[in-house]
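Subject: the structure you asked about

Hi,

Here is the structure, with my notes below it. Have a look at the model first and then read on.

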Amino acid sequence: MSLITINNLSLSFSGKRLFNSIGFQIGREDRIGLVGSNGTGKTTLLRILVGKVFPDQGDIYTTSGIRMGYLPQDISKVSQGALLASVLDSIPGKIERDTQLKKLERDLDREKDPERQTVLARNMANLYDEINYHNTRYSSHRAEKILLGLGFSLESFEVPLKELSGGWKMRAVLAGLLFQEPDILLLDEPTNHLDFPSVLWLEEFLLNFKNSLILICHDRKFLNRQINRVISLEQEGLRTYTGNYDAYLAAREEEERILQAEARNQEQRVREAKRFIERFRAKSTKARQAQSKIKVLKKIEIVETHKKERVMRFSFPEVQRSGDIAFSIRGITRSFTDKTLYKDLNLYVRRGERIAIIGRNGVGKTTLLRMIAGELSPDTGTIDLGHNVTMSYYAQHHTEFLDEKKTVLEEVYKVVPDAGMSFVRGVCGAFLFSGDEVEKRISVLSGGERARVALARILVKPGNLIVMDEPTNHLDLLSCEVLIKALEEYNGTLIFVSHNQELINRLATRIWDISDGKVEDYPGNLEEYIGHINYLKKTQEQEISEEDSMKQVPSGRQNNNKESAKSRRRRDAERRNLMYRELSPIKKELMEIEQRIDSLEKQEKTLSEQLANPKIYENIKESGPLMAEYGQVKKKLEQMLERWETQQEILEMVETKFQSDLNVK
């Protein structure tokens, strides 16, 4: 059954046609991903659906009685009152029912007529039944769980909404929408103001949401898990596809392949027809056939392939090699007013590592990046850059570092004043600022355009250490993909804060999880981190389950058994955790050594085959360097094999040690 039907909808802004006679339907339990590059009208389409923008023409049919919940990218105002109360009051009709109940109570108190009192009492009883039903369905406990899941603390439940920052106000509005369970939930970039733990919580919550969903999101992994349909705003118009975002990309690629094949075939037929016409038009015996082919050519509808969207296209140039240690953090402490974020923190990062920093908002992720970037000083301790390290910094609030009065070209050029203007224009063009667009002033740019300028400033002169704070905010899906691919090929060191799961999973080689002023260091990418956390969670659940089962044991043995089981579980979990951390870097180094051995063996084989040719020795200038190279490769290969043997012995020793520890009863 269709909940919303759109027919022949058109809309223009400032002379630009945004939608041209588009149409689609939204059914029950549809989970739609709304995709398209920035400026194609995704947000505008959501605003049309909820009645905040009106189209120039077209019809919108909505099933009677359905409720829509809309989360915009920006909140202009919020309701009054405390946080928890505002979520509870968001229940449809709650405020009206409470107001009506108070009025009935006043009327009953004043009424003297017994018959009228009976009528009022009956109305109050019916209203109480309705209120009790809604209180059961929309319980206070459920509202609290949603708020906690989105990162609010118990202490914040009574905080007035007006005292919250913009990001937390967005979370409060989102909490109210999730609590209401609307028939259609429309979310415009819901992860933008969330920290990583809240993103994971929201992801699981939405997977259990049974009603319809329309989602705009630049996190590919998040989007893929949530949707079963795609509505894409392409240059040729609105298109719909079945499946998730990856399925949509595959379908578009297949469409393009088919269209290109059809276009090539058509071009071939047209060329053959034109040659026939030119050759036989003047011959009386073929004139009729030539005229027939002319008519056919006039009727042919040209096959048009998909128009290529303008997307960022860039890659980081090779950066100069730094020392083995990119930077080290030694005994730093940092406090704000009465809150201590870090105390005696010690960390280090090796050259080429990619560190993803995660944690709840307020734990100090951005503060740590700002200290690393030299923008903020620690209260005590030092942060030292390694030998030959140069740094580039992408701040979350990059607008603070851009001069509002300068043009795009001027802002990028001032990073490399010695470079040629044509080079700087080329970099700007890679970030979609071409022609007169480079003369736009920073003050008139959108959030996405400012993000591209900040990225261009890094690309034009990248350091061999890049520090990035939420780099995908304000970027669309295609731009996020370009950025991720460029960073995958970057040969320097990277440390970044992000809530984008796709970015973290594809880039991270280590994860720093910040909580309570401590940094837990996990080797591996996001999937490995989540797997490890889930394992620890499962172990804790087993402990709780075993504690519950111990309650059934006779009291004489209960305490001893309970204590021994609990301590054994905790001991095993701690040892497995330690084993995971100790083995991961050893296995990683073994893998790198094996890849190097494989490369050297291939190189040795190639050189050996060349040296097996007797003719090579006729020219000493050719054979001499070849033999020298063969000797060097042979020596490196022997060294690598020795390293592999040593590392393998270390791995076996560590595994044996931990295995014997785990087998201890």
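Some ground rules. This is a predicted model, so local features need pLDDT of at least 70 and side-chain atom pairs count only at pLDDT 80 or more, while totals for chains, interfaces and linings use all residues. Residues are numbered from 1 along each chain as its sequence is written, and side-chain values use heavy atoms, with hydrogens and water left out. Helices (H or I, at least four residues) and strands (E, at least two) are DSSP runs, numbered from the N terminus.

Staying with H6: its buried residues (under 20% relative accessible area, 1.4 Å probe, protein chains only) include Met 170, Arg 171, Leu 174 and Phe 179. The buried residues of H6 pack against strands E5 (68–71) and E6 (184–188) and helices H2 (83–88), H5 (140–149) and H7 (196–207); contact means heavy atoms within 4.5 Å. After H6 comes Glu 181, with a positive phi near 50 degrees.

Now the cores, meaning sets of buried Ala, Val, Leu, Ile, Met, Phe, Trp, Tyr and Cys residues joined through side-chain atoms within 4.5 Å. The largest nonpolar core has 51 residues, and Phe 314, Phe 316, Phe 431, Met 468, Ile 504 and Ile 511 touch the most other members. Helix H14 (residues 447–459) gives this core its largest share, seven residues. Another core, of 42 residues, lies apart from it, with Leu 84, Leu 185, Cys 217 and Tyr 248 among them.

Asn 224 sits in helix H8 (residues 220–226). Asn 224 counts as buried because its relative accessibility is 15%. A polar atom of the Asn 224 side chain lies 3.0 Å from the backbone nitrogen of Tyr 245. Leaving aside neighbours within four places in sequence, Asn 224 is in contact with Asn 244, Tyr 245 and Asp 246.

Last, the sheet. Three strands form an open sheet in the order E11-E10-E13, with antiparallel pairing (two strands pair if DSSP finds at least two bridges between them). Strands E11 (339–350) and E13 (380–385) are the edges, each pairing on one side only. Eight bridges join E10 (residues 325–336) to E11, and Ser 335 has Thr 340 in E11 as its bridge partner.

Cheers

Conventions
Buried means under 20% relative accessible area, exposed over 50%, partly exposed in between (1.4 Å probe, protein chains only). A polar contact is a pair of N or O atoms within 3.5 Å; within protein, one must be able to donate a hydrogen and the other to accept it, and residues adjacent in sequence count only if both atoms are side-chain atoms.
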